[in-house]
Number of protein chains: 2
Amino acid sequence: MGRKGILIVISGPSGAGKGTVNRALLSLLSDLSYSISATTRLPRNGETNGVNYYFVTGEKFQEMIAADKLLEWAKVYDNYYGTPRQAVEKMLEEGRDVVLEIDIQGALQVKEKYPDAVLIFIAPPSPAELERRLRRRGADAPQEIEKRLRSAAAEMSLAGRYDYVVVNDEVERAVSKICSIITAEKCRSQYYLNKSGGLNESTNS
Amino acid sequence: MGRKGILIVISGPSGAGKGTVNRALLSLLSDLSYSISATTRLPRNGETNGVNYYFVTGEKFQEMIAADKLLEWAKVYDNYYGTPRQAVEKMLEEGRDVVLEIDIQGALQVKEKYPDAVLIFIAPPSPAELERRLRRRGADAPQEIEKRLRSAAAEMSLAGRYDYVVVNDEVERAVSKICSIITAEKCRSQYYLNKSGGLNESTNS
(Lines give C-alpha, C1' and ligand atoms only; values in the text may rest on other atoms or scores of the structure.)
Protein backbone atom coordinates (compact mmCIF):
# COMPACT_ATOMS: atom_id res chain seq x y z
CA MET A 1 0.00 0.00 0.00
CA GLY A 2 0.88 3.64 -0.13
CA ARG A 3 2.23 5.61 -2.99
CA LYS A 4 5.73 6.97 -2.92
CA GLY A 5 5.69 8.57 -6.33
CA ILE A 6 2.45 8.91 -8.26
CA LEU A 7 1.97 6.91 -11.45
CA ILE A 8 0.05 9.03 -13.95
CA VAL A 9 -1.30 7.40 -17.09
CA ILE A 10 -2.17 9.61 -20.06
CA SER A 11 -4.27 7.77 -22.57
CA GLY A 12 -7.12 8.12 -25.04
CA PRO A 13 -8.11 7.41 -28.63
CA SER A 14 -5.42 8.03 -31.20
CA GLY A 15 -5.84 11.52 -32.64
CA ALA A 16 -7.13 12.94 -29.33
CA GLY A 17 -3.73 14.52 -28.90
CA LYS A 18 -2.32 12.61 -25.95
CA GLY A 19 1.21 12.89 -27.35
CA THR A 20 1.02 16.67 -27.70
CA VAL A 21 -0.56 17.06 -24.28
CA ASN A 22 2.04 14.79 -22.70
CA ARG A 23 4.96 16.67 -24.23
CA ALA A 24 3.53 20.01 -23.07
CA LEU A 25 2.99 18.57 -19.59
CA LEU A 26 6.54 17.29 -19.33
CA SER A 27 8.02 20.58 -20.45
CA LEU A 28 5.89 22.45 -17.88
CA LEU A 29 6.47 20.14 -14.91
CA SER A 30 10.18 19.48 -15.07
CA ASP A 31 10.20 17.18 -12.05
CA LEU A 32 7.89 14.66 -13.72
CA SER A 33 9.61 11.53 -14.91
CA TYR A 34 8.49 9.55 -17.92
CA SER A 35 8.85 6.10 -19.27
CA ILE A 36 10.03 5.28 -22.75
CA SER A 37 7.92 2.57 -24.34
CA ALA A 38 9.17 -0.35 -26.37
CA THR A 39 7.51 -0.90 -29.74
CA THR A 40 7.76 -3.10 -32.79
CA ARG A 41 6.50 -0.40 -35.14
CA LEU A 42 8.88 1.43 -37.44
CA PRO A 43 10.14 4.89 -36.45
CA ARG A 44 8.23 7.82 -37.97
CA ASN A 45 10.15 10.75 -39.40
CA GLY A 46 12.22 12.40 -36.69
CA GLU A 47 11.78 9.65 -34.12
CA THR A 48 14.90 8.37 -32.40
CA ASN A 49 15.53 5.04 -30.72
CA GLY A 50 15.87 5.41 -26.93
CA VAL A 51 14.27 8.87 -27.02
CA ASN A 52 10.77 8.47 -28.46
CA TYR A 53 10.63 4.69 -28.15
CA TYR A 54 12.83 1.67 -27.87
CA PHE A 55 12.34 0.26 -31.35
CA VAL A 56 12.67 -3.50 -31.09
CA THR A 57 11.97 -6.55 -33.25
CA GLY A 58 8.90 -8.69 -32.82
CA GLU A 59 11.11 -11.48 -31.50
CA LYS A 60 12.71 -9.27 -28.86
CA PHE A 61 9.28 -8.01 -27.81
CA GLN A 62 8.01 -11.57 -27.28
CA GLU A 63 11.07 -12.27 -25.15
CA MET A 64 10.26 -9.24 -22.97
CA ILE A 65 6.66 -10.45 -22.50
CA ALA A 66 7.85 -13.96 -21.61
CA ALA A 67 10.35 -12.62 -19.05
CA ASP A 68 7.65 -10.40 -17.45
CA LYS A 69 9.70 -7.34 -18.24
CA LEU A 70 6.69 -5.27 -19.32
CA LEU A 71 4.34 -3.43 -16.98
CA GLU A 72 1.73 -3.49 -19.73
CA TRP A 73 1.69 -4.22 -23.40
CA ALA A 74 -0.78 -4.06 -26.22
CA LYS A 75 -1.09 -4.88 -29.87
CA VAL A 76 -2.35 -1.82 -31.71
CA TYR A 77 -2.91 -1.83 -35.45
CA ASP A 78 -0.52 -4.75 -36.06
CA ASN A 79 2.23 -3.34 -33.87
CA TYR A 80 3.19 -4.06 -30.29
CA TYR A 81 3.77 -1.41 -27.63
CA GLY A 82 4.86 -1.97 -24.05
CA THR A 83 6.22 -0.27 -20.93
CA PRO A 84 9.47 -1.64 -19.50
CA ARG A 85 8.58 -2.47 -15.90
CA GLN A 86 11.80 -2.09 -13.97
CA ALA A 87 12.58 1.53 -14.83
CA VAL A 88 9.09 2.68 -13.78
CA GLU A 89 9.11 0.80 -10.50
CA LYS A 90 12.52 2.19 -9.61
CA MET A 91 11.43 5.80 -10.21
CA LEU A 92 8.24 5.38 -8.15
CA GLU A 93 10.23 3.75 -5.35
CA GLU A 94 12.52 6.78 -5.33
CA GLY A 95 9.47 9.00 -4.83
CA ARG A 96 9.42 10.38 -8.35
CA ASP A 97 6.13 10.93 -10.15
CA VAL A 98 6.02 9.08 -13.44
CA VAL A 99 3.90 9.73 -16.52
CA LEU A 100 3.06 6.98 -18.98
CA GLU A 101 1.56 7.91 -22.34
CA ILE A 102 0.00 4.68 -23.47
CA ASP A 103 -2.80 3.02 -25.35
CA ILE A 104 -6.18 2.35 -23.73
CA GLN A 105 -5.69 -1.41 -23.45
CA GLY A 106 -2.40 -0.80 -21.67
CA ALA A 107 -3.87 1.84 -19.36
CA LEU A 108 -6.49 -0.59 -18.08
CA GLN A 109 -3.82 -3.23 -17.46
CA VAL A 110 -1.84 -0.73 -15.39
CA LYS A 111 -4.91 0.12 -13.31
CA GLU A 112 -5.43 -3.56 -12.56
CA LYS A 113 -1.86 -4.01 -11.37
CA TYR A 114 -1.57 -0.60 -9.68
CA PRO A 115 -4.97 0.53 -8.39
CA ASP A 116 -3.27 3.70 -7.12
CA ALA A 117 -2.33 4.71 -10.67
CA VAL A 118 -4.10 7.87 -11.82
CA LEU A 119 -5.72 7.24 -15.21
CA ILE A 120 -6.42 10.29 -17.34
CA PHE A 121 -8.44 9.87 -20.52
CA ILE A 122 -7.66 12.53 -23.12
CA ALA A 123 -10.85 13.03 -25.14
CA PRO A 124 -11.23 14.85 -28.45
CA PRO A 125 -13.72 17.75 -28.42
CA SER A 126 -15.85 16.01 -31.08
CA PRO A 127 -15.73 13.16 -33.64
CA ALA A 128 -15.34 15.69 -36.47
CA GLU A 129 -12.33 17.29 -34.80
CA LEU A 130 -10.82 13.85 -34.22
CA GLU A 131 -11.08 13.04 -37.92
CA ARG A 132 -9.61 16.40 -38.89
CA ARG A 133 -6.61 15.85 -36.62
CA LEU A 134 -5.94 12.36 -37.91
CA ARG A 135 -6.03 13.52 -41.53
CA ARG A 136 -3.90 16.57 -40.82
CA ARG A 137 -1.23 14.49 -39.10
CA GLY A 138 -0.59 12.77 -42.42
CA ALA A 139 1.22 9.91 -40.71
CA ASP A 140 -1.26 7.28 -41.75
CA ALA A 141 -2.78 5.96 -44.94
CA PRO A 142 -6.49 6.74 -45.51
CA GLN A 143 -7.57 3.19 -44.67
CA GLU A 144 -5.52 3.37 -41.47
CA ILE A 145 -7.41 6.56 -40.56
CA GLU A 146 -10.77 4.83 -41.14
CA LYS A 147 -9.66 2.03 -38.84
CA ARG A 148 -8.64 4.52 -36.15
CA LEU A 149 -11.93 6.40 -36.37
CA ARG A 150 -13.91 3.20 -35.95
CA SER A 151 -11.98 2.18 -32.87
CA ALA A 152 -12.11 5.69 -31.37
CA ALA A 153 -15.88 5.41 -31.00
CA ALA A 154 -15.48 2.09 -29.17
CA GLU A 155 -12.67 3.49 -27.04
CA MET A 156 -14.77 6.44 -25.90
CA SER A 157 -17.04 3.97 -24.14
CA LEU A 158 -14.15 3.00 -21.89
CA ALA A 159 -13.72 6.53 -20.51
CA GLY A 160 -15.80 5.56 -17.47
CA ARG A 161 -13.08 3.16 -16.36
CA TYR A 162 -10.63 6.02 -16.07
CA ASP A 163 -10.30 8.26 -13.03
CA TYR A 164 -10.43 11.46 -15.04
CA VAL A 165 -11.48 12.68 -18.47
CA VAL A 166 -9.77 15.77 -19.87
CA VAL A 167 -11.16 17.20 -23.09
CA ASN A 168 -8.33 18.35 -25.32
CA ASP A 169 -10.04 21.35 -26.86
CA GLU A 170 -6.92 23.44 -26.35
CA VAL A 171 -3.57 21.99 -25.30
CA GLU A 172 -2.84 24.62 -22.64
CA ARG A 173 -6.21 24.18 -21.00
CA ALA A 174 -5.84 20.42 -21.03
CA VAL A 175 -2.36 20.60 -19.51
CA SER A 176 -3.54 23.01 -16.84
CA LYS A 177 -6.28 20.57 -15.87
CA ILE A 178 -3.78 17.74 -15.64
CA CYS A 179 -1.60 19.91 -13.37
CA SER A 180 -4.65 20.44 -11.14
CA ILE A 181 -5.30 16.70 -11.10
CA ILE A 182 -1.71 16.01 -10.01
CA THR A 183 -1.92 18.67 -7.27
CA ALA A 184 -5.22 17.22 -6.08
CA GLU A 185 -3.86 13.67 -6.06
CA LYS A 186 -1.02 14.83 -3.82
CA CYS A 187 -3.63 16.18 -1.40
CA ARG A 188 -5.47 12.83 -1.25
CA SER A 189 -5.75 11.89 2.39
CA GLN A 190 -4.17 8.47 1.87
CA TYR A 191 -1.19 10.01 0.16
CA TYR A 192 -0.86 12.66 2.86
CA LEU A 193 -1.11 10.18 5.73
CA ASN A 194 1.51 7.91 4.16
CA LYS A 195 3.88 10.76 3.62
CA SER A 196 3.50 12.57 6.89
CA GLY A 197 2.28 10.08 9.47
CA GLY A 198 -0.03 12.77 10.82
CA LEU A 199 0.03 16.07 12.58
CA ASN A 200 3.66 16.28 13.58
CA GLU A 201 5.20 16.51 10.19
CA SER A 202 2.50 17.72 7.90
CA THR A 203 3.39 19.33 4.64
CA ASN A 204 1.89 18.33 1.32
CA SER A 205 3.73 20.36 -1.24
CA MET B 1 -26.69 8.96 -9.10
CA GLY B 2 -24.64 11.65 -10.71
CA ARG B 3 -23.65 15.03 -9.48
CA LYS B 4 -25.20 18.15 -10.88
CA GLY B 5 -23.35 20.62 -8.72
CA ILE B 6 -20.45 19.49 -6.54
CA LEU B 7 -20.84 19.56 -2.76
CA ILE B 8 -17.53 20.60 -1.22
CA VAL B 9 -17.05 20.26 2.52
CA ILE B 10 -14.32 22.29 4.21
CA SER B 11 -13.61 21.02 7.67
CA GLY B 12 -10.86 20.41 10.21
CA PRO B 13 -9.92 21.05 13.83
CA SER B 14 -10.84 24.45 15.17
CA GLY B 15 -7.86 26.77 14.84
CA ALA B 16 -6.67 25.11 11.62
CA GLY B 17 -8.03 28.11 9.78
CA LYS B 18 -10.95 26.64 7.88
CA GLY B 19 -12.92 29.86 8.21
CA THR B 20 -10.13 31.99 6.76
CA VAL B 21 -9.47 29.51 3.97
CA ASN B 22 -13.16 29.29 3.15
CA ARG B 23 -13.60 33.07 2.95
CA ALA B 24 -10.56 33.39 0.69
CA LEU B 25 -11.87 30.58 -1.50
CA LEU B 26 -15.29 32.18 -1.85
CA SER B 27 -13.85 35.54 -2.76
CA LEU B 28 -11.60 33.92 -5.39
CA LEU B 29 -14.19 31.63 -6.98
CA SER B 30 -17.21 33.87 -7.29
CA ASP B 31 -19.43 31.18 -8.81
CA LEU B 32 -19.20 29.00 -5.70
CA SER B 33 -22.31 29.00 -3.56
CA TYR B 34 -22.25 28.54 0.18
CA SER B 35 -24.60 27.51 2.91
CA ILE B 36 -25.25 29.50 6.03
CA SER B 37 -25.31 27.30 9.11
CA ALA B 38 -27.78 27.50 11.95
CA THR B 39 -26.30 27.66 15.45
CA THR B 40 -27.36 28.03 19.05
CA ARG B 41 -24.13 29.77 20.05
CA LEU B 42 -24.08 33.50 20.69
CA PRO B 43 -22.80 35.83 17.96
CA ARG B 44 -19.15 36.88 18.30
CA ASN B 45 -18.17 40.49 17.72
CA GLY B 46 -19.04 41.53 14.19
CA GLU B 47 -21.14 38.49 13.37
CA THR B 48 -24.56 39.10 11.84
CA ASN B 49 -27.63 36.89 11.83
CA GLY B 50 -28.37 35.53 8.34
CA VAL B 51 -24.88 36.43 7.13
CA ASN B 52 -22.41 34.48 9.29
CA TYR B 53 -24.97 32.15 10.83
CA TYR B 54 -28.63 31.84 11.54
CA PHE B 55 -28.56 32.35 15.29
CA VAL B 56 -31.41 30.35 16.78
CA THR B 57 -32.56 29.22 20.20
CA GLY B 58 -31.97 25.71 21.49
CA GLU B 59 -35.69 25.05 21.22
CA LYS B 60 -35.84 26.14 17.59
CA PHE B 61 -32.79 24.00 16.78
CA GLN B 62 -34.45 20.90 18.28
CA GLU B 63 -37.51 21.59 16.14
CA MET B 64 -35.33 21.70 13.02
CA ILE B 65 -33.75 18.34 13.94
CA ALA B 66 -37.17 16.78 14.57
CA ALA B 67 -38.52 18.03 11.24
CA ASP B 68 -35.44 16.67 9.37
CA LYS B 69 -34.62 20.15 8.17
CA LEU B 70 -30.87 19.74 8.75
CA LEU B 71 -28.46 18.05 6.37
CA GLU B 72 -26.11 17.54 9.29
CA TRP B 73 -25.82 18.81 12.79
CA ALA B 74 -23.40 18.55 15.66
CA LYS B 75 -22.99 19.60 19.23
CA VAL B 76 -19.66 21.31 19.63
CA TYR B 77 -18.53 22.68 22.98
CA ASP B 78 -22.07 22.99 24.37
CA ASN B 79 -23.45 24.63 21.24
CA TYR B 80 -25.33 23.18 18.32
CA TYR B 81 -24.47 23.79 14.66
CA GLY B 82 -26.35 22.54 11.62
CA THR B 83 -26.78 22.95 7.87
CA PRO B 84 -30.28 23.73 6.60
CA ARG B 85 -30.96 20.96 4.10
CA GLN B 86 -33.36 22.48 1.60
CA ALA B 87 -31.24 25.41 0.46
CA VAL B 88 -28.23 23.18 -0.24
CA GLU B 89 -30.21 20.60 -2.18
CA LYS B 90 -31.82 23.28 -4.30
CA MET B 91 -28.47 24.83 -5.26
CA LEU B 92 -26.96 21.45 -6.17
CA GLU B 93 -30.03 20.57 -8.21
CA GLU B 94 -29.57 23.81 -10.14
CA GLY B 95 -26.02 22.72 -10.98
CA ARG B 96 -24.32 25.11 -8.61
CA ASP B 97 -21.25 24.02 -6.65
CA VAL B 98 -21.78 24.48 -2.92
CA VAL B 99 -19.20 24.83 -0.15
CA LEU B 100 -20.01 23.89 3.43
CA GLU B 101 -17.64 24.98 6.18
CA ILE B 102 -18.52 22.64 9.00
CA ASP B 103 -17.32 20.70 11.97
CA ILE B 104 -15.75 17.25 11.61
CA GLN B 105 -18.72 15.36 13.05
CA GLY B 106 -20.97 17.10 10.54
CA ALA B 107 -18.61 16.47 7.64
CA LEU B 108 -18.71 12.73 8.21
CA GLN B 109 -22.52 12.79 8.37
CA VAL B 110 -22.61 14.56 5.01
CA LYS B 111 -20.30 11.96 3.45
CA GLU B 112 -22.60 9.20 4.65
CA LYS B 113 -25.66 10.83 3.11
CA TYR B 114 -23.88 12.14 -0.01
CA PRO B 115 -21.00 9.82 -0.92
CA ASP B 116 -20.27 12.14 -3.86
CA ALA B 117 -19.50 15.03 -1.51
CA VAL B 118 -15.86 16.11 -1.63
CA LEU B 119 -14.46 16.25 1.90
CA ILE B 120 -11.45 18.48 2.44
CA PHE B 121 -9.67 18.37 5.78
CA ILE B 122 -7.86 21.60 6.60
CA ALA B 123 -4.88 20.64 8.77
CA PRO B 124 -2.69 22.96 10.83
CA PRO B 125 1.02 22.85 9.95
CA SER B 126 1.88 21.68 13.49
CA PRO B 127 0.37 21.38 16.99
CA ALA B 128 2.43 24.39 18.15
CA GLU B 129 1.05 26.56 15.36
CA LEU B 130 -2.47 25.41 16.15
CA GLU B 131 -2.08 26.52 19.77
CA ARG B 132 -0.60 29.85 18.72
CA ARG B 133 -3.54 30.52 16.40
CA LEU B 134 -6.14 29.65 19.01
CA ARG B 135 -4.53 31.94 21.60
CA ARG B 136 -4.07 34.78 19.11
CA ARG B 137 -7.71 34.65 18.06
CA GLY B 138 -8.65 35.67 21.58
CA ALA B 139 -12.23 34.56 21.09
CA ASP B 140 -12.11 31.87 23.73
CA ALA B 141 -11.30 31.57 27.42
CA PRO B 142 -8.05 29.74 28.29
CA GLN B 143 -9.89 26.64 29.47
CA GLU B 144 -11.86 26.62 26.21
CA ILE B 145 -8.54 26.68 24.34
CA GLU B 146 -7.25 23.69 26.34
CA LYS B 147 -10.42 21.81 25.46
CA ARG B 148 -10.00 22.62 21.77
CA LEU B 149 -6.36 21.52 21.76
CA ARG B 150 -7.26 18.18 23.32
CA SER B 151 -9.94 17.49 20.74
CA ALA B 152 -7.74 18.64 17.84
CA ALA B 153 -5.38 15.71 18.44
CA ALA B 154 -8.31 13.29 18.33
CA GLU B 155 -9.75 15.00 15.27
CA MET B 156 -6.49 14.66 13.33
CA SER B 157 -6.96 10.91 13.48
CA LEU B 158 -10.12 11.30 11.37
CA ALA B 159 -8.26 12.89 8.45
CA GLY B 160 -8.10 9.49 6.74
CA ARG B 161 -11.88 9.48 6.33
CA TYR B 162 -11.68 12.61 4.23
CA ASP B 163 -11.01 12.66 0.51
CA TYR B 164 -8.31 15.30 0.75
CA VAL B 165 -6.04 16.88 3.33
CA VAL B 166 -4.83 20.42 2.72
CA VAL B 167 -2.22 21.79 5.11
CA ASN B 168 -2.95 25.42 5.88
CA ASP B 169 0.63 26.63 6.15
CA GLU B 170 -0.23 29.70 4.09
CA VAL B 171 -3.77 30.70 3.16
CA GLU B 172 -3.04 31.40 -0.51
CA ARG B 173 -1.31 28.07 -1.01
CA ALA B 174 -4.15 26.24 0.71
CA VAL B 175 -6.77 28.01 -1.40
CA SER B 176 -4.84 27.30 -4.58
CA LYS B 177 -4.79 23.59 -3.69
CA ILE B 178 -8.53 23.63 -3.09
CA CYS B 179 -9.04 25.25 -6.49
CA SER B 180 -7.00 22.41 -8.02
CA ILE B 181 -9.12 19.87 -6.16
CA ILE B 182 -12.32 21.44 -7.52
CA THR B 183 -10.91 21.48 -11.07
CA ALA B 184 -9.84 17.85 -10.73
CA GLU B 185 -13.23 16.81 -9.35
CA LYS B 186 -14.90 18.35 -12.40
CA CYS B 187 -12.66 16.18 -14.58
CA ARG B 188 -13.69 12.98 -12.74
CA SER B 189 -14.89 10.54 -15.36
CA GLN B 190 -18.24 9.96 -13.63
CA TYR B 191 -18.90 13.68 -13.51
CA TYR B 192 -17.89 14.09 -17.14
CA LEU B 193 -20.01 11.20 -18.39
CA ASN B 194 -23.05 12.48 -16.52
CA LYS B 195 -22.65 15.95 -17.88
CA SER B 196 -21.83 15.14 -21.47
CA GLY B 197 -23.20 11.70 -22.21
CA GLY B 198 -20.04 11.00 -24.18
CA LEU B 199 -18.17 12.07 -27.27
CA ASN B 200 -20.79 14.17 -28.96
CA GLU B 201 -21.01 16.94 -26.49
CA SER B 202 -17.81 16.81 -24.54
CA THR B 203 -16.66 19.86 -22.71
CA ASN B 204 -15.60 19.84 -19.08
CA SER B 205 -14.97 23.43 -18.22
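D68(A) is exposed, with 8 other C-beta atoms within 10 Å. You'll find D68(A) in the loop between helix 2 and strand 5 of chain A, and its phi is near 55°, a positive value in a residue that isn't glycine. Keep in mind that this is a predicted model. Here's a tour of the rest, starting with that loop in the other chain.

**The loop residue in chain B**
- Most residues other than glycine have a negative phi.
- D68(B) has a positive phi of about 55° although it is not a glycine.
- Look for D68(B) in the loop between helix 2 (58-66) and strand 5 (70-76) of chain B.
- Is D68(B) buried or exposed? D68(B) is exposed, and 8 other C-beta atoms lie within 10 Å.

**How the two chains are related**
- Two copies of a chain are related by a rotation about an axis and a shift along it.
- Here, a rotation of 180° with 0.0 Å of shift along its axis puts chain B on chain A, with an RMSD of 0.0 Å.
- That is the relation of a two-fold axis.
- The same surface serves both copies, since 100% of the contact residues of chain B recur in chain A.
- Which residue of chain B comes closest to the rotation axis? S180(B) does, with its C-alpha at 2.2 Å.

**Where the chains touch**
- On chain B, 31 residues are in contact with 31 residues of chain A.
- Four elements of chain B give two or more residues to the side that touches chain A: strand 8 (118-123), strand 9 (164-167), helix 7 (171-187) and helix 8 (189-196).
- Helix 7 of chain B gives the most to that side, with six residues.
- By type, the residues on the side of chain B that touches chain A are 17 nonpolar, ten polar and four charged.

**The nonpolar core**
- In soluble globular proteins, nonpolar side chains tend to be buried together.
- The largest nonpolar core in this model has 98 residues.
- V9(A), I120(A), V9(B) and I120(B) have the most contacts inside that core.
- Leaving aside neighbours within four places in sequence, I120(A) is in contact with residues including I8(A), V9(A), I10(A), Y162(A) and I181(A).

**A parallel pair in chain B**
- Strand 8 and strand 9 of chain B run parallel and are joined by four bridges.
- Across that pair, I122(B) stands opposite V166(B) in strand 9 of chain B.
- In a regular strand the side chains alternate between the two faces of the sheet.
- Both faces of strand 9 of chain B are covered: Y164(B) and V166(B) are buried on one side, and V165(B) and V167(B) are buried on the other.

**A four-stranded sheet in chain A**
- Four strands of chain A form an open sheet in the order 4-3-6-5, with mixed pairing.
- At the edges sit strand 4 (54-55) and strand 5 (70-76) of chain A, each pairing on one side only.
- Strand 3 (residues 38-39) and strand 6 (residues 79-84) of chain A pair in the antiparallel sense over two bridges.
- In strand 6 of chain A, G82(A) is the bridge partner of A38(A).
- Helix 2 (residues 58-66) of chain A packs on this sheet, touching strand 3, strand 5 and strand 6 of chain A, and its direction makes about 45° with that of strand 6 of chain A.
- Helix 4 (residues 104-113) of chain A lies across strand 5 and strand 6 of chain A, and runs at about 155° to strand 5 of chain A.

Notes: Residues numbered from 1 in each chain as written. Chains lettered and ligands numbered in written order. Predicted model: local features only at pLDDT ≥ 70, side-chain atom pairs only at ≥ 80, totals over all residues. Contact = placed C-beta atoms within 7 Å. Nonpolar A, V, L, I, M, F, W, Y, C, P; charged D, E, K, R; others polar. Core = buried A, V, L, I, M, F, W, Y, C linked by C-beta atoms within 7 Å. Buried ≥ 20, exposed ≤ 12 C-beta atoms within 10 Å, placed from the backbone. Least-squares fit on C-alpha atoms with pLDDT ≥ 70 in both. Pairing = 2+ DSSP bridges. Axes fitted to C-alpha atoms, helices over the stretch in contact; angles between N-to-C directions.
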